[in-house]
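Take a moment with the sequence and the 3D view. Then read on, one region at a time.

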Amino acid sequence: MAIIELKDVTKSFGRVNALRGISIKIDAGEVHCLLGDNGAGKSTLIKILSGVHKPTQGQYEFDGKPVELSSPREALDMGIATVFQDLAMLPLMSITRNFFLGREPKKALGPVEVFDSGKASKITNEELNKIGIEIRDPDQAVGTLSGGERQAVAIARAVYFGARVLILDEPTSALGVKEAAVVLKYIVQAKTKGIGVIFITHNVHHAWAVGDTFTVLNRGSSYGTFKKAELTREKLLQMMAGGEELEELAVELDLIAKRDPSEVGKLEHRVAEELDRETHPKQ
Ligand SMILES: Nc1ncnc2c1ncn2[C@@H]1O[C@H](COP(=O)(O)OP(=O)(O)OP(=O)(O)O)[C@@H](O)[C@H]1O
Ligand SMILES: [Mg+2]
């Protein structure tokens with residue numbers, strides 16, 4: 001049985017329909033990639049999953065039972081951990097503090113309870129070691145870590161606190177090739193622990209490398225959910241690019257050509273380069 005199932009979910013903000021009739025299942029031990037262009041509704045969908053927004057219509061089921069989440073805290077208590085790209089960490093606070101954020105171990109100091117920093121640092125060190133990260137000093141500020149290491153700390157934290165579902169919003173988008181590879185490795189590690197991972201990305205290659213299941217959103221609607229065996233990377237690329245958009249681009253190029261013939265050559269060249277990079281990534 002799926003851990004989470006959304007049934008025919010719609011989300012409107014005033015007159016904007018951010019999501020229309022979305023149904024999606026999140027299973028244990030799989031990486032479910034959520035793809036789509038800017039404004040497709042990816043963040044809105046994960047905000048519903050993580051208790052930030054309530055659906056305007058449709059059902060949210062957890063372990064087969066309908067639930068109504070009223071806050072991200074509630075989702076977290078149920079084991080749905082979300083790592084937001086920029087808000088994942090407080091850069092000036094230590095790695096340890098970031099690891100525990102709001103769930104610090106306490107010890108008694110006379111009549112009062114204080115933060116048990118020794119215990120916290122020890123656990124942080126151990127947990128990061130488990131996923132292969134050696135930190136020099138858990139008291140160093142998170143801001144001194146690389147982007148990939150920060151993502152790793154956020155993922156290790158979710159695993160340590162017993163997440164059943166881990167939602168990652170564009171965790172690799174700001175990273176270089178090597179760092180992205182490291183984060184992709186953690187995603188696979190989380191999956192092998194039986195966690196259901198939702199991986200949001202613009203990058204078809206990253207998705208293809210680790211994904212088991214793929215859902216592509218386009219302007220608030222779903223193109224559907226596909227198992228890896230039902231797809232090829234090229235089909236996925238096509239869905240992402242959207243046939244319509246390519247047609248629009250052709251019309252646009254045509255218009256530019258009429259206005260300023262010298263510009264169009266440059267633009268076409270750029271588009272060709274971009275497509276080439278998309279289909280032949282450097283490994
Ligand atoms: N709080 C809000 N109020 C009004 N409109 C919103 C709100 N949140 C999202 N939207 C609209 O819903 C649509 C989907 O936005 P969303 O942020 O989910 O897209 P996305 O797929 O995450 O895009 P990106 O790849 O750029 O992050 C957009 O048109 C956006 O303007
Ligand atoms: Mg988004």
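The paragraphs below go from the ligand to the strands, then to the core and a few single residues.

Keep in mind that this is a predicted model. Begin at ligand 1. Which residues surround ligand 1? The shell consists of Phe13, Val16, Ala18, Gly36, Asn38, Gly39, Ala40, Gly41, Lys42, Ser43 and Thr44. By class, 4 of these are nonpolar, 6 are polar and 1 is charged. Two elements, strand S2 (16-26) and helix H1 (42-49), each give at least two residues to this shell. The largest share, 3 residues, comes from H1.

Now follow H1 itself. The helix is mostly covered, with 7 of its 8 residues buried. These buried residues are Lys42, Thr44, Leu45, Ile46, Lys47, Ile48 and Leu49. Just after H1 comes Gly51, with a positive phi of about 85°.

Next, turn to S2, the other element in the shell. Strands of a sheet pair through backbone hydrogen bonds, either parallel or antiparallel. Here, S2 belongs to an open sheet of 4 strands. The order is S2-S1-S4-S5, and the pairing is antiparallel. S2 and strand S5 (65-66) stand at the edges with a single partner strand each, so each has one side without a neighbour in the sheet. The partner beside S2 is strand S1 (residues 4-13), and 7 bridges join the two. In this pairing, Phe13 stands opposite Val16 in S2.

Strand S3 (residues 31-36) shows parallel pairing. S3 runs parallel to strand S10 (residues 196-200), with 4 bridges between them. His32 has Ile198 as its bridge partner in S10. S3 also runs parallel to strand S11 (residues 213-218), with 5 bridges. There, Cys33 stands opposite Phe214. How many residues of S3 are buried? The count is 6 of 6. Both faces are covered: Val31, Cys33 and Leu35 lie on one side, with His32, Leu34 and Gly36 on the other.

What about the nonpolar core? In soluble globular proteins, nonpolar side chains tend to be buried together. The largest nonpolar core in this model has 61 residues. Those with the most contacts inside it are Ile155, Val165, Leu166, Ile167, Val197, Ile198 and Phe199. At least three residues of this core come from each of domain 1 (1-92 + 146-240) and domain 2 (95-140). Take Val165 as an example. Leaving aside neighbours within four places in sequence, Val165 is in contact with Ile3, Ile4, Ile26, Gly79, Ile80, Ile195, Gly196 and Ile198.

Most residues other than glycine have a negative phi, and most peptide bonds are trans. Asp8 is not a glycine, yet has a positive phi of about 50°. Asp8 lies in strand S1. Is Asp8 buried or exposed? Asp8 counts as exposed, because it has 12 C-beta neighbours inside 10 Å. Arg219 also has a positive phi, near 50°, and is a residue other than glycine. Arg219 sits in the loop between S11 and strand S12 (221-227). With 15 C-beta neighbours inside 10 Å, Arg219 counts as partly exposed.

Finish at Lys122, in helix H4 (residues 117-130). Lys122 has 14 C-beta neighbours inside 10 Å, so it counts as partly exposed. Lys122 and Thr96 are 26 residues apart along the chain, and their C-alpha atoms are separated by 8.8 Å.

Notes:
Residues numbered from 1 in each chain as written. Chains lettered and ligands numbered in written order. Predicted model: local features only at pLDDT ≥ 70, side-chain atom pairs only at ≥ 80, totals over all residues. Near = placed C-beta within 6 Å. Nonpolar A, V, L, I, M, F, W, Y, C, P; charged D, E, K, R; others polar. Core = buried A, V, L, I, M, F, W, Y, C linked by C-beta atoms within 7 Å. Buried ≥ 20, exposed ≤ 12 C-beta atoms within 10 Å, placed from the backbone. Domains from an automatic or database assignment. Contact = placed C-beta atoms within 7 Å. Pairing = 2+ DSSP bridges.
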